[in-house]
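Subject: Structure handover

Hello,

Here is the structure I promised you. Please open it and keep it in view as you read my notes.

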Amino acid sequence: MTVYIAKVRDKSGKVFKEKVEAESPEQARSILGNRYIAVGKVTKSALDLDLSQLELALTTVKVKDKAVFSRQFSVMVNAGVAIVRCLGILSDQAGNLKLKKALIGISAEVQQGISLSEAMSKYPECFDDLYVYMVEAGEAGGVLDEVLDRLSVLLEDIAKLQNQIKSAMTYPMTVGFFAVVAFLGMTIFLIPVFSGIFDGLGAELPALTSFMVWLSDTLRSWRAIIPIIGIMVITFAFKAYYATPVGRLQIDSFMLKMPLFGDLNQKSAVARFCRIFGVLTRSGVPVLNCFDIVCNTITNKVIVNAIQSAKSEIQQGGMISLAIQKENVFPPLAIQMISIGEETGELDSMMSKVADFYEDEVEQAVKALTSMLEPIMMVGIAIMVGTILLSMYLPMFSIFDQLG
């Protein structure tokens, strides 16, 4: 979009210049006309390419941003406020620059007679397929406010789950980072001081001390870049292999089987599948479309393949629970509860209950994992610090023996 500028007059009679982003001068005039009493000549801004463009490129729309927007949009639509006015108000108070720009563009599109869902589909960085399909279902059924409310709850649940995992991993990662920094600092700056003292006394260095002195010399020389380059090469090779279909399938399969984290990854994926599928079906989205949307929200290729295979079974008249069971990816409890939901005709409600159960399981697993990692981190720090101290004190014992 292009930045346009025009003189405007508000309700109080105050005249000032206002900037707006639009695809054409006519669209810019239309946007400004909905906000102010009078609009003067619209011209292209000379500062079209400024720091705001860079900020826009670096900005991402988070799940929390969409959740807050959906909640506010739902309340305003339920109160009878026109959609165009809702979009105008929400764009004015949007804190996220990319979301603000998208809402301005969507508002202009809606004013030209395009449906809200179609307008949102033109901004995939802000509104994914899940959001667009649910809004489309809400428009078709005349229950847009209810669908937006469900969307806000869904996005809030997703954001809550993400925050729980991030907060649980923050402490171990922070402690580990400072432990590595302390170890490197002591190795690089402290070991050489004691090494000089030992050389002056002519003491014979034990194997551990000799190794730490060698490590210190290595880290203070050009050879320190070798492990850095090695890590970069391994990282690049891993990403390149993961980008291949075979590599992604193998790595994602390992992610579901790895100790400690495998069970957590599986439960998290099941919770997301059931939560999103339940909300979509309750909102009136066709079942086959639900499978496609859910596949776009899950990153594990093994589970995605299982969902796509289930979709093929459904197209042939099969049941969801039986189709998922064949892939042997979902836990038996989840399959049984989904089967009960199909038999009773309350699949969406049962999906939500399964999601609630496994989200609670993920929360408890994250807490247990954190409790397990904390003592492991403490032991690791003690080993690192103890190794350095022991390497410095062992030669002293040798010196004392010689003096005796």
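Which residue in β3 does I5 stand opposite? The residue opposite I5 is T43. One caution before the rest: this is a predicted model.

**The sheet**

Start with the strands. Three of them form an open sheet, in the order β2-β1-β3. The pairing is antiparallel. β2 covers 15–22 and β3 covers 38–44, and both stand at the edges. Each has a single partner strand, so one side of each has no neighbour in the sheet. From one strand to the next, the twist averages 30 degrees.

Now take the two pairings in turn. Strand β1 is made of residues 2–9. β1 and β2 are joined by 8 bridges, in the antiparallel sense. Look for V3 first: its bridge partner in β2 is E21. Then find A6, which stands opposite E18 in β2. β1 and β2 also form a hairpin, with 5 residues between the strands. In that hairpin G13 has a positive phi, near 90 degrees.

Next, go to α3 (residues 63–78) and α4 (residues 83–93). Their axes come within 10 Å. They cross at roughly 145 degrees. The crossing of α3 past α4 is right-handed.

Which residues of α3 meet α4? They are F69, Q72, F73, M76 and V77. On the α4 side, the residues are I83, C86, L87, I89, L90 and Q93. The contact is made up of 9 nonpolar residues and 2 polar ones, with no charged residue.

**Helix α9**

Last stop: α9, residues 207–219.

Which residues of α9 are buried? Among them are T209, M212 and V213. L215, S216 and T218 are buried as well.

Best wishes

How values were computed: Residues numbered from 1 in each chain as written. Predicted model: local features only at pLDDT ≥ 70, side-chain atom pairs only at ≥ 80, totals over all residues. Heavy atoms only, no water. Axes fitted to C-alpha atoms, helices over the stretch in contact; angles between N-to-C directions. Helix = DSSP H or I, 4+ residues; strand = E, 2+ residues; numbered from the N terminus. Left-handed = near helix turned anticlockwise from the far one by under 90°. Contact = heavy atoms within 4.5 Å. Nonpolar A, V, L, I, M, F, W, Y, C, P; charged D, E, K, R; others polar. Expected span 1.5 Å × (residues − 1). Buried < 20%, exposed > 50% of the residue type's maximum accessible area, 1.4 Å probe, protein only. Pairing = 2+ DSSP bridges.
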